[in-house]
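Work through the exercises below with the sequence and the model side by side. Try each task before reading its solution.

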Amino acid sequence: MECQECHERPATLHFTQVINGEKTEVYVCEVCAKEKGYMNYPEEGYSLQHLLSGLLNSTFESPKSTTGQQTKELKCPKCEMTLSKFKRLGKFGCPDCYETFADSLDPIFRRVHSGNTKHYGKIPARIGGDMRLKKQVDVYKEELQRLIKNEAFEEAATVRDKIKELEEQTRGDDS
Amino acid sequence: MTLQHFMNEAISPWMREEGPDSDIVLSSRIRLARNFAQYAFPILANEEDLKYINEFIHQEYESQSFQDYRDFAFVPIKDLTPVERRVLVEKHLISPHLAERNHASAVLISKNEQVSIMVNEEDHLRIQLYYPGFQLNKALQKVFELDDWLEEKIDYAFDEERGYLTGCPTNVGTGMRASVMMHLPALSWTQQINRMIPAINQLGLVVRGIYGEGSQATGNIFQISNQITLGKSEEDIVEDLQSVVRELIEHERSARNQIMDQSPVRLEDRIYRSYGVLTCSRIIESKETAKCLSDVRFGIDSGIIENVSRNILNELMVLTQPGFLQQYAKKTLTPNERDVLRASLIRERMQLEN
(Lines give C-alpha, C1' and ligand atoms only; values in the text may rest on other atoms or scores of the structure.)
Protein backbone atom coordinates (compact mmCIF):
# COMPACT_ATOMS: atom_id res chain seq x y z
CA MET A 1 0.00 0.00 0.00
CA GLU A 2 1.31 3.44 -0.84
CA CYS A 3 1.39 6.42 1.49
CA GLN A 4 -1.82 8.47 1.44
CA GLU A 5 0.06 11.74 1.77
CA CYS A 6 2.91 11.62 -0.72
CA HIS A 7 1.76 8.70 -2.91
CA GLU A 8 5.41 7.90 -3.41
CA ARG A 9 6.75 5.85 -0.56
CA PRO A 10 5.16 2.72 0.81
CA ALA A 11 2.93 3.24 3.85
CA THR A 12 4.69 1.80 6.85
CA LEU A 13 2.55 3.29 9.61
CA HIS A 14 -1.11 2.94 10.36
CA PHE A 15 -2.93 5.44 12.58
CA THR A 16 -6.46 5.46 13.85
CA GLN A 17 -7.63 8.97 14.62
CA VAL A 18 -10.72 9.80 16.60
CA ILE A 19 -11.78 13.40 16.09
CA ASN A 20 -15.13 14.53 17.58
CA GLY A 21 -16.15 10.92 17.89
CA GLU A 22 -15.48 10.27 14.23
CA LYS A 23 -12.98 7.56 13.46
CA THR A 24 -10.61 7.78 10.49
CA GLU A 25 -7.85 5.43 9.40
CA VAL A 26 -4.62 6.77 7.97
CA TYR A 27 -1.90 4.87 6.16
CA VAL A 28 1.29 6.88 5.74
CA CYS A 29 5.04 6.53 5.40
CA GLU A 30 7.38 7.51 8.18
CA VAL A 31 8.52 10.74 6.52
CA CYS A 32 4.96 12.04 6.10
CA ALA A 33 3.97 10.88 9.55
CA LYS A 34 6.67 13.12 10.94
CA GLU A 35 5.96 16.06 8.62
CA LYS A 36 2.20 16.04 8.95
CA GLY A 37 2.37 15.64 12.66
CA TYR A 38 0.77 12.21 13.04
CA MET A 39 3.61 11.36 15.32
CA ASN A 40 5.32 13.59 17.82
CA TYR A 41 9.01 12.92 17.77
CA PRO A 42 11.17 14.64 20.36
CA GLU A 43 13.77 16.87 18.66
CA GLU A 44 16.52 14.28 18.34
CA GLY A 45 14.77 11.26 19.70
CA TYR A 46 15.93 9.59 22.83
CA SER A 47 19.52 10.27 23.66
CA LEU A 48 21.76 9.36 26.50
CA GLN A 49 22.92 12.97 26.32
CA HIS A 50 19.67 14.36 27.65
CA LEU A 51 19.45 11.80 30.35
CA LEU A 52 23.00 12.47 31.42
CA SER A 53 22.80 16.24 31.45
CA GLY A 54 19.66 15.88 33.55
CA LEU A 55 21.65 13.82 36.00
CA LEU A 56 24.49 16.30 36.08
CA ASN A 57 22.21 19.26 36.67
CA SER A 58 20.52 17.74 39.66
CA THR A 59 23.90 16.71 41.04
CA PHE A 60 25.34 20.19 40.85
CA GLU A 61 22.38 22.11 42.16
CA SER A 62 22.81 21.55 45.88
CA PRO A 63 26.31 22.99 46.50
CA LYS A 64 25.35 26.23 44.72
CA SER A 65 22.43 26.92 47.01
CA THR A 66 24.28 26.13 50.24
CA THR A 67 27.25 28.44 49.67
CA GLY A 68 25.07 31.26 48.44
CA GLN A 69 28.16 33.13 47.33
CA GLN A 70 28.94 34.15 43.81
CA THR A 71 32.01 32.07 43.12
CA LYS A 72 33.94 32.35 39.91
CA GLU A 73 32.95 29.57 37.63
CA LEU A 74 35.24 26.57 37.50
CA LYS A 75 37.06 26.38 34.17
CA CYS A 76 39.49 23.79 32.87
CA PRO A 77 42.87 25.51 32.28
CA LYS A 78 43.69 23.19 29.41
CA CYS A 79 40.58 23.08 27.23
CA GLU A 80 38.55 25.93 28.78
CA MET A 81 35.57 23.70 29.45
CA THR A 82 33.40 25.38 32.06
CA LEU A 83 31.29 23.69 34.67
CA SER A 84 28.04 24.91 33.08
CA LYS A 85 29.11 23.72 29.63
CA PHE A 86 30.11 20.37 31.07
CA LYS A 87 26.67 20.13 32.65
CA ARG A 88 24.97 21.00 29.38
CA LEU A 89 27.00 18.67 27.15
CA GLY A 90 27.42 15.83 29.62
CA LYS A 91 30.94 15.37 28.22
CA PHE A 92 34.44 16.18 29.33
CA GLY A 93 36.58 18.43 27.14
CA CYS A 94 39.98 16.88 27.81
CA PRO A 95 41.72 14.50 30.23
CA ASP A 96 42.56 17.44 32.54
CA CYS A 97 38.85 18.13 33.11
CA TYR A 98 38.83 15.11 35.41
CA GLU A 99 41.23 17.02 37.66
CA THR A 100 39.48 20.38 37.29
CA PHE A 101 36.04 19.08 38.19
CA ALA A 102 37.35 16.42 40.58
CA ASP A 103 35.29 17.64 43.55
CA SER A 104 32.03 17.22 41.69
CA LEU A 105 32.63 13.90 39.99
CA ASP A 106 32.00 11.30 42.68
CA PRO A 107 28.22 11.81 42.80
CA ILE A 108 28.01 11.68 39.00
CA PHE A 109 30.04 8.51 38.70
CA ARG A 110 28.08 6.95 41.52
CA ARG A 111 24.86 7.51 39.62
CA VAL A 112 26.15 6.40 36.25
CA HIS A 113 28.16 3.41 37.47
CA SER A 114 25.97 1.91 40.18
CA GLY A 115 27.74 3.48 43.13
CA ASN A 116 31.30 3.05 41.87
CA THR A 117 33.84 5.87 41.80
CA LYS A 118 37.17 4.06 41.57
CA HIS A 119 38.77 2.12 38.73
CA TYR A 120 39.60 -1.53 39.39
CA GLY A 121 40.62 -2.81 35.98
CA LYS A 122 43.48 -2.79 33.53
CA ILE A 123 46.46 -0.53 34.05
CA PRO A 124 48.49 0.49 30.99
CA ALA A 125 51.58 -1.68 30.59
CA ARG A 126 54.13 1.02 29.76
CA ILE A 127 53.07 4.20 31.55
CA GLY A 128 51.45 2.27 34.40
CA GLY A 129 54.40 0.04 35.32
CA ASP A 130 54.69 1.44 38.84
CA MET A 131 50.94 1.47 39.34
CA ARG A 132 50.77 -2.19 38.39
CA LEU A 133 53.32 -3.03 41.11
CA LYS A 134 51.57 -0.84 43.66
CA LYS A 135 48.30 -2.55 42.90
CA GLN A 136 49.90 -5.95 43.36
CA VAL A 137 51.29 -4.78 46.71
CA ASP A 138 47.77 -3.77 47.76
CA VAL A 139 46.48 -7.20 46.85
CA TYR A 140 49.22 -8.87 48.87
CA LYS A 141 48.63 -6.57 51.84
CA GLU A 142 44.98 -7.55 51.97
CA GLU A 143 45.98 -11.19 51.80
CA LEU A 144 48.50 -10.64 54.61
CA GLN A 145 45.83 -9.18 56.89
CA ARG A 146 43.57 -12.11 56.18
CA LEU A 147 46.34 -14.63 56.90
CA ILE A 148 47.32 -12.94 60.17
CA LYS A 149 43.69 -12.92 61.25
CA ASN A 150 43.53 -16.66 60.57
CA GLU A 151 46.84 -17.13 62.42
CA ALA A 152 48.47 -18.65 59.34
CA PHE A 153 51.81 -17.11 60.22
CA GLU A 154 54.03 -19.18 57.95
CA GLU A 155 52.10 -18.20 54.82
CA ALA A 156 51.94 -14.66 56.13
CA ALA A 157 55.72 -14.53 56.29
CA THR A 158 56.00 -15.57 52.63
CA VAL A 159 53.50 -12.92 51.57
CA ARG A 160 55.34 -10.31 53.66
CA ASP A 161 58.57 -11.17 51.83
CA LYS A 162 56.81 -10.76 48.48
CA ILE A 163 55.58 -7.33 49.52
CA LYS A 164 59.07 -6.32 50.61
CA GLU A 165 60.49 -7.47 47.30
CA LEU A 166 57.93 -5.53 45.26
CA GLU A 167 58.36 -2.40 47.36
CA GLU A 168 62.10 -2.51 46.84
CA GLN A 169 61.48 -2.85 43.12
CA THR A 170 59.33 0.27 42.97
CA ARG A 171 61.84 2.23 45.01
CA GLY A 172 64.61 1.02 42.71
CA ASP A 173 62.70 2.38 39.70
CA ASP A 174 62.51 5.83 41.24
CA SER A 175 66.23 6.35 41.61
CA MET B 1 44.59 -3.02 0.12
CA THR B 2 41.86 -0.83 -1.31
CA LEU B 3 38.60 0.38 0.06
CA GLN B 4 36.85 -1.73 -2.58
CA HIS B 5 37.85 -4.82 -0.69
CA PHE B 6 35.67 -3.79 2.28
CA MET B 7 32.81 -2.66 0.03
CA ASN B 8 32.27 -5.70 -2.15
CA GLU B 9 31.83 -8.48 0.36
CA ALA B 10 28.80 -8.30 2.62
CA ILE B 11 30.22 -10.76 5.07
CA SER B 12 33.53 -10.12 6.79
CA PRO B 13 36.15 -12.88 6.46
CA TRP B 14 36.13 -13.58 10.22
CA MET B 15 32.38 -14.25 10.08
CA ARG B 16 32.90 -17.25 7.81
CA GLU B 17 34.34 -19.24 10.69
CA GLU B 18 31.89 -20.80 13.05
CA GLY B 19 32.38 -20.07 16.75
CA PRO B 20 31.01 -21.79 19.86
CA ASP B 21 27.20 -21.66 20.27
CA SER B 22 26.92 -20.00 16.88
CA ASP B 23 23.37 -21.29 16.43
CA ILE B 24 22.41 -18.53 18.89
CA VAL B 25 25.35 -16.19 19.41
CA LEU B 26 26.29 -14.62 16.09
CA SER B 27 29.30 -12.66 17.32
CA SER B 28 31.20 -11.39 20.34
CA ARG B 29 32.75 -7.94 20.44
CA ILE B 30 34.96 -5.99 22.83
CA ARG B 31 35.38 -2.26 22.38
CA LEU B 32 37.92 -0.14 24.26
CA ALA B 33 37.80 3.65 24.43
CA ARG B 34 41.26 5.21 24.63
CA ASN B 35 42.57 8.77 24.47
CA PHE B 36 45.86 10.56 24.00
CA ALA B 37 46.88 12.15 27.33
CA GLN B 38 48.02 15.47 25.88
CA TYR B 39 45.07 16.36 23.66
CA ALA B 40 41.51 17.56 24.16
CA PHE B 41 38.82 14.99 23.38
CA PRO B 42 37.43 15.16 19.81
CA ILE B 43 34.34 17.22 20.72
CA LEU B 44 36.52 20.12 21.93
CA ALA B 45 39.80 19.52 20.11
CA ASN B 46 40.78 22.00 17.43
CA GLU B 47 41.19 20.87 13.84
CA GLU B 48 44.98 20.91 14.18
CA ASP B 49 45.00 18.46 17.09
CA LEU B 50 42.55 16.15 15.37
CA LYS B 51 44.72 16.18 12.28
CA TYR B 52 47.79 15.40 14.36
CA ILE B 53 46.17 12.34 15.93
CA ASN B 54 44.77 11.17 12.61
CA GLU B 55 48.16 11.55 10.95
CA PHE B 56 49.95 9.85 13.84
CA ILE B 57 47.78 6.75 13.46
CA HIS B 58 48.14 6.91 9.69
CA GLN B 59 51.95 7.08 9.83
CA GLU B 60 52.46 4.55 12.60
CA TYR B 61 49.92 1.86 11.80
CA GLU B 62 48.95 1.86 8.12
CA SER B 63 49.94 -1.49 6.51
CA GLN B 64 51.19 -2.74 9.88
CA SER B 65 50.18 -6.14 11.27
CA PHE B 66 49.63 -7.40 14.77
CA GLN B 67 49.39 -11.16 15.24
CA ASP B 68 46.49 -12.45 13.09
CA TYR B 69 45.24 -8.97 12.37
CA ARG B 70 47.19 -8.12 9.27
CA ASP B 71 47.75 -5.27 6.84
CA PHE B 72 45.82 -2.49 8.52
CA ALA B 73 44.13 -0.21 5.99
CA PHE B 74 43.78 3.44 6.95
CA VAL B 75 40.52 4.89 5.62
CA PRO B 76 39.86 8.64 6.12
CA ILE B 77 36.12 9.20 6.59
CA LYS B 78 35.97 12.45 4.63
CA ASP B 79 37.14 10.63 1.49
CA LEU B 80 34.12 8.35 1.55
CA THR B 81 30.82 8.88 -0.26
CA PRO B 82 27.65 8.75 1.88
CA VAL B 83 26.87 5.29 0.48
CA GLU B 84 30.35 4.00 1.32
CA ARG B 85 30.05 5.33 4.87
CA ARG B 86 26.72 3.60 5.19
CA VAL B 87 28.19 0.30 4.01
CA LEU B 88 30.88 0.47 6.69
CA VAL B 89 28.20 1.12 9.32
CA GLU B 90 26.12 -1.79 8.06
CA LYS B 91 29.17 -4.04 8.35
CA HIS B 92 29.71 -2.72 11.91
CA LEU B 93 33.19 -1.51 11.01
CA ILE B 94 32.37 2.06 12.02
CA SER B 95 29.71 3.64 14.22
CA PRO B 96 26.88 5.82 12.86
CA HIS B 97 28.48 8.66 14.83
CA LEU B 98 31.82 8.32 13.05
CA ALA B 99 30.07 8.11 9.67
CA GLU B 100 28.64 11.60 10.24
CA ARG B 101 31.92 13.23 11.14
CA ASN B 102 33.54 15.47 8.56
CA HIS B 103 36.58 16.33 10.64
CA ALA B 104 39.89 14.54 10.57
CA SER B 105 38.44 11.16 11.41
CA ALA B 106 39.39 7.76 10.07
CA VAL B 107 39.17 4.05 10.62
CA LEU B 108 41.96 1.50 10.66
CA ILE B 109 40.73 -1.93 9.55
CA SER B 110 42.60 -5.23 9.54
CA LYS B 111 42.44 -7.32 6.39
CA ASN B 112 40.17 -9.93 7.96
CA GLU B 113 37.97 -7.10 9.32
CA GLN B 114 38.20 -8.53 12.82
CA VAL B 115 39.82 -5.36 14.15
CA SER B 116 38.62 -1.86 13.45
CA ILE B 117 40.06 1.14 15.22
CA MET B 118 38.03 4.31 14.88
CA VAL B 119 40.07 7.51 15.06
CA ASN B 120 38.55 10.72 16.44
CA GLU B 121 35.11 9.40 17.14
CA GLU B 122 33.83 10.46 20.57
CA ASP B 123 37.23 9.40 21.89
CA HIS B 124 40.56 9.59 20.08
CA LEU B 125 40.55 5.83 19.67
CA ARG B 126 37.79 3.27 19.74
CA ILE B 127 39.37 -0.16 19.42
CA GLN B 128 36.96 -2.89 18.34
CA LEU B 129 37.63 -6.59 18.10
CA TYR B 130 35.14 -9.19 16.87
CA TYR B 131 35.04 -12.96 17.25
CA PRO B 132 32.50 -15.33 15.72
CA GLY B 133 30.11 -17.07 18.11
CA PHE B 134 30.35 -16.88 21.89
CA GLN B 135 34.03 -16.09 22.62
CA LEU B 136 34.13 -13.11 24.95
CA ASN B 137 37.14 -14.31 26.97
CA LYS B 138 39.18 -14.90 23.88
CA ALA B 139 38.18 -11.48 22.53
CA LEU B 140 39.12 -9.83 25.84
CA GLN B 141 42.53 -11.48 25.95
CA LYS B 142 43.28 -10.50 22.36
CA VAL B 143 42.04 -6.92 22.70
CA PHE B 144 44.28 -6.48 25.76
CA GLU B 145 47.29 -7.61 23.72
CA LEU B 146 46.29 -5.26 20.92
CA ASP B 147 45.85 -2.44 23.44
CA ASP B 148 49.34 -3.04 24.89
CA TRP B 149 50.80 -3.04 21.40
CA LEU B 150 49.20 0.35 20.65
CA GLU B 151 50.28 1.69 24.02
CA GLU B 152 53.94 1.11 23.15
CA LYS B 153 53.73 4.25 21.04
CA ILE B 154 50.85 6.20 22.57
CA ASP B 155 50.66 7.91 25.95
CA TYR B 156 47.16 7.06 27.06
CA ALA B 157 45.09 9.37 29.24
CA PHE B 158 45.00 7.30 32.42
CA ASP B 159 44.43 8.19 36.04
CA GLU B 160 45.25 5.90 38.93
CA GLU B 161 41.91 6.48 40.59
CA ARG B 162 39.57 6.98 37.59
CA GLY B 163 41.22 4.62 35.13
CA TYR B 164 41.14 5.30 31.39
CA LEU B 165 39.79 8.80 30.86
CA THR B 166 37.11 9.20 28.23
CA GLY B 167 35.05 11.97 26.69
CA CYS B 168 31.84 10.69 28.21
CA PRO B 169 31.45 9.92 31.93
CA THR B 170 29.61 6.71 30.97
CA ASN B 171 32.80 5.15 29.58
CA VAL B 172 35.38 6.12 32.20
CA GLY B 173 37.35 3.44 34.05
CA THR B 174 37.83 0.42 31.85
CA GLY B 175 36.55 2.25 28.76
CA MET B 176 35.24 -1.14 27.81
CA ARG B 177 31.99 -2.17 26.21
CA ALA B 178 31.67 -5.94 25.78
CA SER B 179 28.76 -7.16 23.70
CA VAL B 180 27.27 -10.18 22.01
CA MET B 181 24.85 -10.35 19.10
CA MET B 182 22.21 -13.01 19.70
CA HIS B 183 19.54 -14.50 17.47
CA LEU B 184 16.58 -15.23 19.76
CA PRO B 185 13.60 -16.20 17.60
CA ALA B 186 11.95 -18.57 20.08
CA LEU B 187 12.20 -16.16 23.02
CA SER B 188 10.74 -13.45 20.80
CA TRP B 189 7.85 -15.54 19.45
CA THR B 190 6.85 -16.66 22.89
CA GLN B 191 7.33 -13.07 24.12
CA GLN B 192 9.51 -14.29 26.95
CA ILE B 193 12.24 -11.86 25.95
CA ASN B 194 10.08 -8.88 26.93
CA ARG B 195 9.85 -10.19 30.44
CA MET B 196 13.56 -10.94 30.58
CA ILE B 197 14.84 -7.55 29.41
CA PRO B 198 13.96 -5.65 32.63
CA ALA B 199 15.71 -8.32 34.71
CA ILE B 200 18.80 -8.12 32.48
CA ASN B 201 18.79 -4.33 32.84
CA GLN B 202 18.83 -4.66 36.60
CA LEU B 203 22.14 -6.49 36.36
CA GLY B 204 23.76 -3.47 34.75
CA LEU B 205 23.46 -4.86 31.24
CA VAL B 206 21.70 -3.34 28.25
CA VAL B 207 19.66 -5.01 25.52
CA ARG B 208 19.51 -3.27 22.15
CA GLY B 209 18.78 -3.84 18.47
CA ILE B 210 21.32 -4.89 15.89
CA TYR B 211 22.73 -1.45 15.06
CA GLY B 212 23.40 -0.40 18.65
CA GLU B 213 22.10 2.52 20.63
CA GLY B 214 18.53 3.44 19.82
CA SER B 215 18.09 0.84 17.10
CA GLN B 216 15.28 -1.67 16.93
CA ALA B 217 15.61 -5.40 17.30
CA THR B 218 14.93 -6.41 13.71
CA GLY B 219 15.08 -10.03 12.72
CA ASN B 220 15.00 -11.13 16.37
CA ILE B 221 18.62 -10.13 16.73
CA PHE B 222 19.55 -8.57 20.05
CA GLN B 223 22.73 -6.94 21.23
CA ILE B 224 23.54 -7.38 24.90
CA SER B 225 26.29 -5.33 26.51
CA ASN B 226 27.59 -3.98 29.81
CA GLN B 227 26.50 -0.53 30.96
CA ILE B 228 28.90 0.01 33.83
CA THR B 229 32.58 0.66 33.09
CA LEU B 230 33.85 1.92 36.45
CA GLY B 231 34.56 -0.02 39.64
CA LYS B 232 34.69 -3.51 38.17
CA SER B 233 37.56 -5.18 36.39
CA GLU B 234 37.21 -6.07 32.71
CA GLU B 235 37.31 -9.76 33.62
CA ASP B 236 34.45 -9.37 36.10
CA ILE B 237 32.36 -7.36 33.64
CA VAL B 238 32.87 -10.02 30.98
CA GLU B 239 32.07 -12.77 33.46
CA ASP B 240 28.78 -11.08 34.42
CA LEU B 241 27.83 -10.66 30.79
CA GLN B 242 28.79 -14.25 30.04
CA SER B 243 26.62 -15.69 32.74
CA VAL B 244 23.59 -13.78 31.46
CA VAL B 245 24.33 -14.87 27.89
CA ARG B 246 24.65 -18.49 29.04
CA GLU B 247 21.28 -18.14 30.73
CA LEU B 248 19.71 -16.69 27.58
CA ILE B 249 21.18 -19.50 25.45
CA GLU B 250 19.61 -22.05 27.83
CA HIS B 251 16.22 -20.37 27.70
CA GLU B 252 16.32 -19.93 23.94
CA ARG B 253 17.20 -23.61 23.45
CA SER B 254 14.39 -24.81 25.67
CA ALA B 255 11.91 -22.40 24.06
CA ARG B 256 12.96 -23.74 20.65
CA ASN B 257 12.43 -27.31 21.80
CA GLN B 258 9.08 -26.40 23.27
CA ILE B 259 7.89 -24.89 19.99
CA MET B 260 9.15 -27.88 18.04
CA ASP B 261 7.39 -30.30 20.39
CA GLN B 262 4.12 -28.47 20.82
CA SER B 263 3.42 -27.05 17.39
CA PRO B 264 5.73 -28.64 14.83
CA VAL B 265 3.39 -28.10 11.87
CA ARG B 266 2.77 -24.48 12.74
CA LEU B 267 6.53 -23.96 13.00
CA GLU B 268 7.18 -25.71 9.71
CA ASP B 269 4.45 -23.67 8.08
CA ARG B 270 5.92 -20.41 9.32
CA ILE B 271 9.41 -21.32 8.24
CA TYR B 272 8.41 -22.54 4.79
CA ARG B 273 6.20 -19.50 4.20
CA SER B 274 9.18 -17.28 4.91
CA TYR B 275 11.34 -19.47 2.73
CA GLY B 276 8.77 -19.05 -0.01
CA VAL B 277 8.73 -15.28 0.35
CA LEU B 278 12.50 -15.07 0.16
CA THR B 279 12.78 -17.34 -2.87
CA CYS B 280 9.82 -15.96 -4.81
CA SER B 281 9.00 -12.37 -3.94
CA ARG B 282 9.57 -9.55 -6.40
CA ILE B 283 9.29 -6.66 -3.95
CA ILE B 284 10.35 -6.91 -0.33
CA GLU B 285 10.91 -4.34 2.44
CA SER B 286 13.77 -4.61 4.88
CA LYS B 287 11.53 -5.34 7.85
CA GLU B 288 9.87 -8.29 6.15
CA THR B 289 13.29 -9.44 4.95
CA ALA B 290 14.60 -9.47 8.50
CA LYS B 291 11.61 -11.43 9.75
CA CYS B 292 11.83 -14.01 6.96
CA LEU B 293 15.59 -14.39 7.35
CA SER B 294 15.13 -15.01 11.06
CA ASP B 295 12.51 -17.68 10.33
CA VAL B 296 14.67 -19.41 7.73
CA ARG B 297 17.70 -19.32 10.00
CA PHE B 298 15.61 -20.95 12.74
CA GLY B 299 14.55 -23.51 10.12
CA ILE B 300 18.19 -24.25 9.35
CA ASP B 301 19.19 -24.47 13.04
CA SER B 302 16.29 -26.80 13.83
CA GLY B 303 16.97 -29.07 10.86
CA ILE B 304 13.68 -28.29 9.11
CA ILE B 305 15.47 -26.66 6.20
CA GLU B 306 18.45 -28.53 4.85
CA ASN B 307 21.08 -27.63 2.29
CA VAL B 308 21.07 -23.94 3.09
CA SER B 309 24.13 -22.56 4.87
CA ARG B 310 23.72 -20.96 8.25
CA ASN B 311 25.70 -17.93 7.25
CA ILE B 312 22.90 -16.86 4.99
CA LEU B 313 21.28 -14.89 7.80
CA ASN B 314 24.42 -12.89 8.62
CA GLU B 315 25.19 -12.38 4.96
CA LEU B 316 21.75 -11.37 3.72
CA MET B 317 21.09 -9.16 6.75
CA VAL B 318 24.01 -6.99 5.62
CA LEU B 319 23.58 -7.44 1.86
CA THR B 320 19.98 -6.25 1.95
CA GLN B 321 20.62 -3.06 3.93
CA PRO B 322 19.99 0.21 2.05
CA GLY B 323 23.68 1.17 1.88
CA PHE B 324 24.80 -2.14 0.51
CA LEU B 325 22.03 -2.29 -2.08
CA GLN B 326 23.04 1.11 -3.40
CA GLN B 327 26.69 0.19 -3.39
CA TYR B 328 25.73 -2.86 -5.44
CA ALA B 329 23.57 -0.85 -7.85
CA LYS B 330 26.27 1.84 -8.06
CA LYS B 331 23.64 4.59 -7.73
CA THR B 332 21.18 6.02 -5.24
CA LEU B 333 17.86 4.22 -5.20
CA THR B 334 14.39 5.23 -4.08
CA PRO B 335 12.84 3.03 -1.37
CA ASN B 336 10.71 1.32 -4.02
CA GLU B 337 13.67 0.58 -6.26
CA ARG B 338 15.51 -0.79 -3.25
CA ASP B 339 12.66 -3.14 -2.44
CA VAL B 340 12.77 -4.53 -5.98
CA LEU B 341 16.54 -4.93 -6.03
CA ARG B 342 16.47 -6.47 -2.54
CA ALA B 343 13.99 -9.11 -3.67
CA SER B 344 16.02 -9.99 -6.74
CA LEU B 345 19.30 -10.18 -4.81
CA ILE B 346 17.76 -12.49 -2.24
CA ARG B 347 16.31 -14.75 -4.95
CA GLU B 348 19.71 -14.96 -6.61
CA ARG B 349 21.44 -15.72 -3.33
CA MET B 350 18.90 -18.39 -2.41
CA GLN B 351 19.35 -20.06 -5.79
CA LEU B 352 23.07 -20.35 -5.15
CA GLU B 353 22.25 -22.62 -2.23
CA ASN B 354 20.44 -25.23 -4.24
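**Exercise 1. Follow one side chain.**
Task: find which backbone oxygen the side chain of B:Asn226 reaches at 2.9 Å.

Solution. 
- Step 1. The side chain of B:Asn226 reaches the backbone oxygen of B:Ile228, at 2.9 Å. A polar contact is a pair of N or O atoms within 3.5 Å; within protein, one must be able to donate a hydrogen and the other to accept it, and residues adjacent in sequence count only if both atoms are side-chain atoms.
- Step 2. A polar atom of the B:Asn226 side chain also lies 3.1 Å from the backbone oxygen of B:Met176.
- Step 3. Helices (H or I, at least four residues) and strands (E, at least two) are DSSP runs, numbered from the N terminus.
- Step 4. B:Asn226 counts as buried because its relative accessibility is 2%. Buried means under 20% relative accessible area, exposed over 50%, partly exposed in between (1.4 Å probe, protein chains only).
- Step 5. Leave out residues up to four places away in sequence; B:Asn226 then touches B:Met176, B:Arg177, B:Ala178, B:Gly204, B:Leu205 and B:Ile237. Contact means heavy atoms within 4.5 Å.

The model is predicted: local features need pLDDT of at least 70, side-chain atom pairs count only at pLDDT 80 or more, and totals for chains, interfaces and linings use all residues. Residues are numbered from 1 along each chain as written, chains are lettered from A and ligands numbered from 1 in written order, and side-chain values use heavy atoms, without hydrogens and water.

**Exercise 2. Compare directions.**
Task: state how α10(B) runs relative to α11(B).

Solution. 
- Step 1. Helix α10 (residues 286–301) and helix α11 (residues 312–319) of chain B have axes that come within 9 Å and cross at roughly 170°. Axes are lines fitted to C-alpha atoms, for helices over the stretch in contact, and angles run from 0 to 180 degrees between N-to-C directions.
- Step 2. The two helices are therefore roughly antiparallel. Angles under 35 degrees count as roughly parallel, over 145 as roughly antiparallel, 65 to 115 as roughly perpendicular and the rest as oblique.
- Step 3. Residues in this contact include B:Leu293 and B:Arg297 from α10(B), with B:Ile312 and B:Leu316 from α11(B).

**Exercise 3. Summarise chain A.**
Task: how many helices and strands does chain A have?

Solution. 
- Step 1. Chain A has 7 helices and 2 strands.
- Step 2. From the N terminus, the order is β-β-α-α-α-α-α-α-α.
- Step 3. Of its 175 residues, 32% count as buried.
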